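Thanks for coming. I will take one structure this morning and go through it piece by piece. Please have a look at it first.

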Amino acid sequence: MTRSAHDEARELIALGEGLTDAQQTWLRLHLDECEACRHYAEAANGVVRSLRSLPLAADARLVRATQMRVRFHASRLREARERLWLVGMACLGVGLSATLTVPLLWRLFQWMGEWAGVSAWVWQAGFAFFWIAPALVVSALLLARGTHLTDNGEKHWR
Ligand SMILES: [Zn+2]
């Protein structure tokens, strides 16, 4: 066995696929006889196998990334639910306090109107504005905050 035969065998091994039938036959015969080149071929095949398994590893990473995204999405949904609950409670609080304070405010405006000697519709309009303005401000603030949070995160809450 000449040295050039081993070199040629390793060259064919390095080429891998795409050998002619004659080359494959010659290589198989050489590998049957030559242990050194057989080891070389095994090592080369091992490299090829590990290269082929790389897409699988990438897939596993992709799966992990997808799982993380799903978990992230779920946590964002939970946050959105909590925020909705908070907004709901705030609205309830505003409504409740408004309901409780309306009769008192009404009487206060009536008393002030009579004290100032203005017509009934004037103090009633003042009362209406005084009562509606805070609710308007609060709802505008909540709305602005909600949109702000939505813009910061992904468009998940809705
Ligand atoms: Zn050889």
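A word on terms before anything else: a residue is called buried under 20% relative accessible area, exposed over 50%, and partly exposed in between, using a 1.4 Å probe and protein chains only. Helices are DSSP runs of H or I of at least four residues, strands are runs of E of at least two, and both are numbered from the N terminus.

What you see is a predicted model, in which local features need pLDDT of at least 70 and side-chain atom pairs count only at pLDDT 80 or more, while totals for chains, interfaces and linings use all residues. Residues are numbered from 1 along each chain as its sequence is written, and side-chain values use heavy atoms, with hydrogens and water left out.

The overall picture. The chain has 5 helices and 0 strands. Of its 158 residues, 16% count as buried. The accessible surface, by the Shrake-Rupley method with a 1.4 Å probe, comes to about 12400 Å², and 66% of that belongs to carbon and sulfur atoms.

Now helix 2. Its 13 residues should span 18 Å at 1.5 Å a residue, and the end C-alpha atoms are 19 Å apart, which agrees; the expected span is 1.5 Å times one less than the number of residues. Which residues of helix 2 are buried? They are Leu27, His30 and Leu31. Seen down the axis, these buried residues fall within an arc of 100°, so they line one face of helix 2; the arc is that of the directions from the helix axis to the C-beta atoms. Asp21, Ala22, Asp32 and Glu33, on the other side of helix 2, are exposed.

His30 brings us to the metal. The zinc ion is coordinated by ND1 of His6, NE2 of His30, and the SG atoms of Cys34 and Cys37, at 1.8 to 2.4 Å. Donors here are N, O and S atoms within 2.8 Å of the metal (3.2 Å for Na, K and Ca), and since water is not among the atoms, sites may look incomplete. What is the arrangement of the 4 donor atoms? Their angles of 97 to 119° make it tetrahedral, a label that four donors get if all angles lie between 85 and 135 degrees. The spacing in sequence is H-x23-H-x3-C-x2-C. His6 in helix 1 (residues 3-15) and His30 in helix 2 (residues 21-33) are 24 residues apart, a pair that links distant parts of the chain. His30 has a relative accessible area of 3%.

Cys37 leads on to helix 3, residues 35-52, where Cys37, Ala41 and Ala44 are buried. The buried residues of helix 3 fall within an arc of 65°, so they too line one face.

Last, Thr99, which sits in helix 4 (residues 54-116). Thr99 is exposed, with a relative accessible area of 55%. Its C-alpha atom is 10.0 Å from that of Trp131, 32 residues apart along the chain.

Note on methods:
Tetrahedral: all angles 85-135°; square planar, octahedral: opposite > 155°, others 65-115°.
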